[in-house]
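Visitor: Hi, I'm new to this one. Can you put it on screen and walk me through it?

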Amino acid sequence: MITAERKPIEEILEYLEPYDRILLVGCNECVTVCAAGGRKEVALLSSALQMARMKSGRTLEVREMTLERQCDPEYVEELVNFIDQAGAVLSMACGCGVQEVARRFKDKPVFPAVNTKFMGASERQGVWAERCQGCGDCLLGLTGGICPIARCSKRLLNGPCGGSTDGKCEISPEVDCAWQLIWERLKALGLEKRYEDIISAKDWRTSRDGGPRKIVREDLAS
Amino acid sequence: MDHFSPVIVAFCCHYCAYTAADMAGSMRLSYPSNVKIIRVPCSGKVSALHIMRAFQKGADGVYVAGCLEGDCHFKDGNIKAAKRVAYVKKMLDEIGIGGERVEVIRMSAGMGERFAQSAKDFTERIRKLGPNPVRAVLNQRESAGA
Amino acid sequence: MKTESALEKILAGGHLAVTSECGPPRGALPEKIKEKAGMLKGYVDAINVTDNQTAVVRMCSLAACILIRQMGLNPVLQMVTRDRNRLAMQSDILGAYSHGIDTMLCLSGDHPYFGDHPMAANVYDLDSIQLVQMVKGMRDEGKFQGGDEILNPPKMFIGAAANPFADPFELRVARLAKKVKAGVDFIQTQCVYNLERFTKWMDGVRDRGLHEQVYILAGITPMKSAGMAKYMKNRVPGMDVPDEVVKRMSGVSKDRQAEEGIKIAVETIEQLKEVEGVRGFHIMAIEWEQKVPEIVERAGLLPRP
């Protein structure tokens with residue numbers, strides 16, 4: 001899923017300074033699962049923002065809405081009846097949701113309430129960790145199902161570097177060395193030999209380096 | 001400030017604090033009448049939003065009274081409650097209301113005296129902190145409405 | 001001979017090679033680099049010039065190499081893949097070769113996390129093994145990594161690093177094999193303090209015949225003090241300083257510790273000379289370049305060919 005984390009309330013309050021009525025919009029997808037911008041977080045942030053405003057002697061009217069998916073135009077359309085009453089939209093969705101709202105409502109300021117972090121998996125209750133960087137040309141088939149691009153601090157395709165110590169990365173004992181994980185996994189699979197195949201220089205055009213990306217499915221596209 | 005009588009909301013677990021409050025009553029122990037008790041099936045039932053809404057509506061202090069460690073009727077509801085309170089504390093600090101206005105208190109069903117004493121202590125703590133800053137706006141609104 | 005590199009000549013001639021290194025200054029101070037390189041003249045065969053080592057900004061390796069080359073010495077251009085993409089690296093290589101720099105060391109580099117710009121984007125368009133492949137392609141096929149022909153291709157003698165002390169140990173020989181496969185000509189290792197582990201690694205290297213495909217120069221760093229020994233043991237990732245070495249350094253009075261450090265370095269070189277497959281020494285005297293001649297002399301590595 002896409003993970004996110006709420007921004008400091010102070011930063012959000014700065015964005016909202018000129019407005020007395022806002023639409024606070026959550027999303028039922030990824031940000032709900034990572035407890036950053038679902039219905040619950042919308043209610044909490046709404047409460048916090050209203051109190052923060054009251055403390056400074058003003059009020060803030062907040063309409064709370066949580067959409068099924070903020071990155072799909074048909075759900076964003078649900079805001080149409082409420083958008084006029086609001087001076088601005090505060091979105092708790094990932095950056096995709098924020099931009100979709102901004103695209104649909106051209107004359108309405110839209111602010112992000114969360115920092116979109118990474119594509120990750122849930123390690124345990126309340127802990128999420130990065131797993132994929134969307135490079136556009138998956139090489140997990142070569143690396144035992146562990147991604148060196150997302151999980152090696154230097155994204156080395158032929159690691160581990162000389163800083164790997166006791167299975168941990170040189171940047172922190174809290175970070176697993178991705179290449180140690182890859183090696184252990186290759187061993188478990190009986191594929192040790194594969195380690196010595198050099199993974200050649202990557203074509204980053206499939207990644208962000210090739211510019212903003214798009215997928216078109218001819219059979220589905222209208 | 002001497003006249004300030006804080007409004008305190010106490011979320012009390014049915015299995016401990018709520019019974020302890022009952023016992024305090026039957027023992028004729030006095031505790032401040034401004035502590036509004038809300039009975040909950042477990043302190044773990046109290047969400048961050050419950051606490052935030054209490055403050056938003058003008059409570060000056062909130063505490064969540066749950067079972068002693070290891071005694072939760074639902075295994076670890078009291079531990080979850082403590083984590084949530086810690087989370088709300090941070091949020092209250094962030095918005096300038098003050099995290100010290102919310103607390104977790106632990107007791108067993110038989111601790112009538114502890115209940116009364118904590119109610120007194122917490123009331124005193126909040127009295128020192130003064131009114132919840134959002135109250136000023138709430139009062140204005142009320143008088144404008146009246 | 002693949003190149004005109006003086007280092008290659010010495011190694012191919014069967015001599016024990018001696019290299020050292022200079023860290024460029026943290027400012028536009030050309031005389032600093034000349035001063036450091038000057039101390040090494042006549043004592044070493046080539047001088048590595050570090051590339052923003054420990055991810056701290058310094059004068060660029062290329063410019064410092066040019067200064068050293070102009071002194072008639074042989075610089076080794078160190079290049080990390082952390083700071084530049086393949087365009088920048090290839091153009092730097094052309095520039096270096098145009099100035100008569102014909103030997104380089106391909107590294108991934110320390111993570112920016114350790115340096116003075118932890119907020120910098122870290123590039124890693126290539127890793128060190130892919131950099132070796134690229135430089136070899138430029139030399140042997142005369143082609144840029146993108147496939148176009150190079151006019152007057154740079155003939156670089158290609159080096160890389162190996163750290164026998166990092167984990168997992170069982171991969172350390174395999175990773176060297178990958179570098180050999182990529183086309184590396186010589187290896188400079190991480191500083192050797194743990195001789196037991198180093199010789200165990202060399203056993204593995206010889207078992208696979210890698211010592212016959214690549215020249216291995218063992219890394220030597222003299223320690224100035226017991227404090228430095230402890231720091232390197234505990235704080236430098238991938239460094240293996242055994243307790244005995246720390247004890248030996250701490251066992252002498254403060255004013256004798258520097259001498260003890262030199263003694264250890266000289267003894268280590270003497271012992272490593274006996275290890276089959278060790279073809280020379282890379283003496284990294286960090287901000288202590290003036291001691292290199294003494295170490296080289298005491299280790300019986302003079303005169304240089």
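**Starting with a helix**

Guide: Take helix H5 of chain C, residues 128-141. At 1.5 Å a residue, its 14 residues should span 20 Å, and its end C-alpha atoms are 19 Å apart, which agrees. Keep in mind that this is a predicted model.

Visitor: Is H5(C) largely enclosed or left open by the rest of the structure, and why?

Guide: It is largely enclosed, because ten of the 14 residues of H5(C) are buried.

Visitor: Which residues of H5(C) are buried?

Guide: There is a run from C:Ser128 through C:Ile129, C:Gln130, C:Leu131, C:Val132, C:Gln133 and C:Met134 to C:Val135. C:Met138 and C:Arg139 are buried too.

Visitor: And what covers the buried residues of H5(C)?

Guide: Several elements of chain C do. The cover includes helix H4 (86-98) and helix H6 (172-182). It also includes strands E3 (75-80), E4 (103-107) and E5 (157-162).

Visitor: What follows H5(C)?

Guide: C:Gly142 does. Its phi is positive, near 65°.

Visitor: Let's pick E4(C). How many of its residues are buried?

Guide: Five of its five, so to speak: E4(C) is mostly covered.

Visitor: Which way do the residues of E4(C) point?

Guide: C:Thr103, C:Leu105 and C:Leu107 point one way. C:Met104 and C:Cys106 point the other way. All are buried.

Visitor: How many bridges join E3(C) to E4(C)?

Guide: Four, and the two strands run parallel. In that pairing, C:Gln78 stands opposite C:Leu105 in E4(C).

Visitor: What about E4(C) and E5(C), parallel or antiparallel?

Guide: Parallel, over four bridges. There, C:Met104 stands opposite C:Ile158 in E5(C).

Visitor: New topic. How do helices H9 and H10 of chain C cross?

Guide: H9(C) covers residues 243-250 and H10(C) covers residues 257-273. Their axes come within 9 Å and cross at roughly 140°.

Visitor: Which residues meet there?

Guide: From H9(C), C:Val245, C:Arg248 and C:Met249. They meet C:Gln257, C:Glu260, C:Gly261 and C:Ile264 in H10(C). By class, the residues of this contact divide into three nonpolar, two polar and two charged.

Visitor: Now chain A. Which domains is it divided into?

Guide: Domain 1 spans 2-118 and domain 2 spans 135-210. The C-alpha centres of these two domains of chain A lie 37 Å apart.

Visitor: What's the strand order in the open sheet of chain A?

Guide: E3-E2-E4-E5, four strands with parallel pairing. Strand E3 (61-67) and strand E5 (110-112) of chain A stand at the edges. Each has a single partner strand, so one side of each is left without a neighbour in the sheet. The twist averages 25° from one strand to the next.

Visitor: What does helix H3 of chain A touch?

Guide: H3(A), residues 39-55, packs on the sheet and touches E2 and E3 of chain A. Its direction makes about 170° with that of E3(A).

Visitor: Last topic, the chain contacts. How many residues do chains C and A put in?

Guide: Chain C gives 28 residues and chain A gives 24. On the side of chain C, H5 and H6 each supply at least two residues. H6(C) gives the most, with five. By class, that side has 13 nonpolar, nine polar and six charged residues.

Visitor: And the contact of chain B with chain A?

Guide: That one takes 15 residues from chain B and 15 residues from chain A. On the side of chain B, helix H2 (48-56), helix H3 (77-94) and helix H5 (135-145) give two or more residues. H2(B) gives the most, with six residues. That side of chain B has eleven nonpolar, two polar and two charged residues.

Key:
Residues numbered from 1 in each chain as written. Chains lettered and ligands numbered in written order. Predicted model: local features only at pLDDT ≥ 70, side-chain atom pairs only at ≥ 80, totals over all residues. Expected span 1.5 Å × (residues − 1). Buried ≥ 20, exposed ≤ 12 C-beta atoms within 10 Å, placed from the backbone. Contact = placed C-beta atoms within 7 Å. Nonpolar A, V, L, I, M, F, W, Y, C, P; charged D, E, K, R; others polar. Domains from an automatic or database assignment. Axes fitted to C-alpha atoms, helices over the stretch in contact; angles between N-to-C directions. Pairing = 2+ DSSP bridges.
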